[in-house]
Amino acid sequence: MKALVFAAGLGTRLRPLTDTMPKAMVPVAGKPLLGHVLDRLTSSLACREADRLTEAVVNVHHFPDQIISYLASRDWGVPVRVSDERDFLRDTGGGLLYAEPLLHGARVLIHNVDILSNLDFRWLLAMAPVDALSTLVVSERPTQRYFLFREEDSTLWVGTDGGGIHKLNASEGRFTRLNGSEGKILSIAGFDRRRLLVSVYMDGYYLVDGTTGHRTPFVLVDKETDLREKYSGSLLRAMQLPWGTLCFLGGDSWLYHHGKGFSPMRMEGDAPAPHGLQIACAGAERALLYKDNHVFELRRSDEKLRLCFSVGLHEKVTAIADDGAGNVWVGTSRGLGCFRESSGRYETISNSQFDDVSALECSGKEQLWICARNRLFTYFPR
């Protein structure tokens with residue numbers, strides 16, 4: 001078993017600390033991040049012969065000599081080698097490929113230098129399927145990466161937290177970064193056959209050419225509204241609904257129709273829509289949105305918002321899945337519930353396995369997938 005620690009990054013989000021040191025050397029509780037990661041790897045994987053760590057590789061680029069000197073300053077219990085990228089920063093996939101000669105022939109555990117966790121590495125290795133190409137450990141949190149898939153040409157665009165937009169052509173199996181795309185991407189939506197509508201944190205909306213990456217500002221309603229929403233503190237997101245309307249969510253909520261422009265999202269009876277709505281899922285005839293303990297329905301027929309149902313007063317809606325058979329499954333801060341459209345009643349599904357649901361997905365009406373507290377559950381409704 002070998003370990004590869006990614007330590008070459010520029011650490012831009014840790015400036016000004018990383019103006020004079022690499023991110024790997026930023027101290028936490030009196031020890032550099034790199035020291036925490038290597039100590040955990042070597043101590044956790046020092047026992048069982050099958051999973052024993054025999055060597056570690058650390059890639060370097062930003063202030064590389066500081067890292068190399070630190071690695072040479074002590075005995076780590078296993079040999080530590082350096083993959084030197086000072087000539088060119090190769091990012092994640094490129095860094096792995098460049099380090100391949102140092103890793104060849106071994107099972108490899110890859111770890112980012114800026115991740116501190118209580119993950120049991122031996123549990124991970126025991127759980128990883130032996131026939132899997134790779135196994136990925138994820139953290140349960142509100143996502144900061146968004147994607148858009150276009151079926152007609154099997155193209156996937158992925159927004160990243162600071163790295164702009166990356167495009168995957170599935171037929172080639174290759175990611176390429178869109179030139180000119182940058183910043184923390186909050187949402188990606190289709191705008192027309194050529195352009196994407198992209199929301200960038202603290203920078204508003206842009207129309208981005210899906211081929212060249214050229215971007216132009218997209219003004220939300222008017223300059224005054226655009227500026228107010230941009231700096232409102234809300235996370236601005238846009239989604240194209242299945243029937244073609246674009247839905248803009250932030251402090252306020254707006255609908256956009258090609259050729260007609262913007263209109264404020266409104267409730268039945270023409271009252272303003274609640275502030276801070278989040279969209280959960282959308283089908284051919286309706287979209288479901290939520291805020292706090294309330295679930296709302298936006299119907300295609302009139303594009304008016306109406307209160308669909310509410311969960312418990314002291315619960316918060318966190319996820320929704322519509323099975324298309326009259327059942328709206330709801331994840332909350334306290335567990336799982338279901339709204340039966342035939343009876344108009346919401347019921348709590350009793351369980352002793354989980355609370356604080358983060359994601360739901362229906363496999364038709366026969367099976368429900370539930371993600372809660374870093375675990376995945378399946379539920380078979382009667």
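Author: A nonpolar core is a set of buried Ala, Val, Leu, Ile, Met, Phe, Trp, Tyr and Cys residues joined through side-chain atoms within 4.5 Å. Buried means under 20% relative accessible area, exposed over 50%, and partly exposed in between (1.4 Å probe, protein chains only). This is a predicted model, in which local features need pLDDT of at least 70 and side-chain atom pairs count only at pLDDT 80 or more, while totals for chains, interfaces and linings use all residues. Residues are numbered from 1 along each chain as its sequence is written, and side-chain values use heavy atoms, with hydrogens and water left out.

Reader: Which residues of the largest nonpolar core touch the most other members?
Author: They are Val5, Leu34, Leu41, Val58, Ile67 and Leu109, out of 28 residues in that core. At least two core residues come from each of β1 (2–6), α1 (33–44), β4 (55–60), α2 (64–72) and α4 (121–127). The largest share, five residues, is supplied by α1. Helices (H or I, at least four residues) and strands (E, at least two) are DSSP runs, numbered from the N terminus.

Reader: What does leucine 109 touch?
Author: Setting aside residues up to four places away in sequence, the contacts of leucine 109 include Met1, Leu4, Leu41 and Phe121. Contact means heavy atoms within 4.5 Å.

Reader: Now to α3. Where does α3 bend?
Author: α3 bends by about 30° at leucine 97, with proline 101 following within four residues. The bend is the angle between axes fitted to the seven residues ending at a residue and the seven starting there.

Reader: Which residues of α3 are buried?
Author: Gly95, Ala99, Leu102 and Leu103 are buried. These buried residues pack against β1, β4, β5 (80–84) and β6 (108–112). Just after α3, glycine 105 has a positive phi of about 85°.

Reader: Changing topic, in what order do the five strands of the open sheet run?
Author: The order is β9-β12-β13-β14-β15, with antiparallel pairing. Two strands pair if DSSP finds at least two bridges between them. β9 (161–162) and β15 (215–218) are the edge strands, each pairing on one side only. Between β9 and β12 (residues 183–190) there are two bridges, and aspartate 161 lies opposite lysine 184 in β12.

Reader: Lastly, why does glycine 326 count as partly exposed?
Author: Glycine 326 counts as partly exposed because its relative accessibility is 22%. Glycine 326 sits in the loop between β24 (317–322) and β25 (327–332). Its C-alpha is 5.2 Å from that of glutamate 341, although 15 residues separate the two in sequence.
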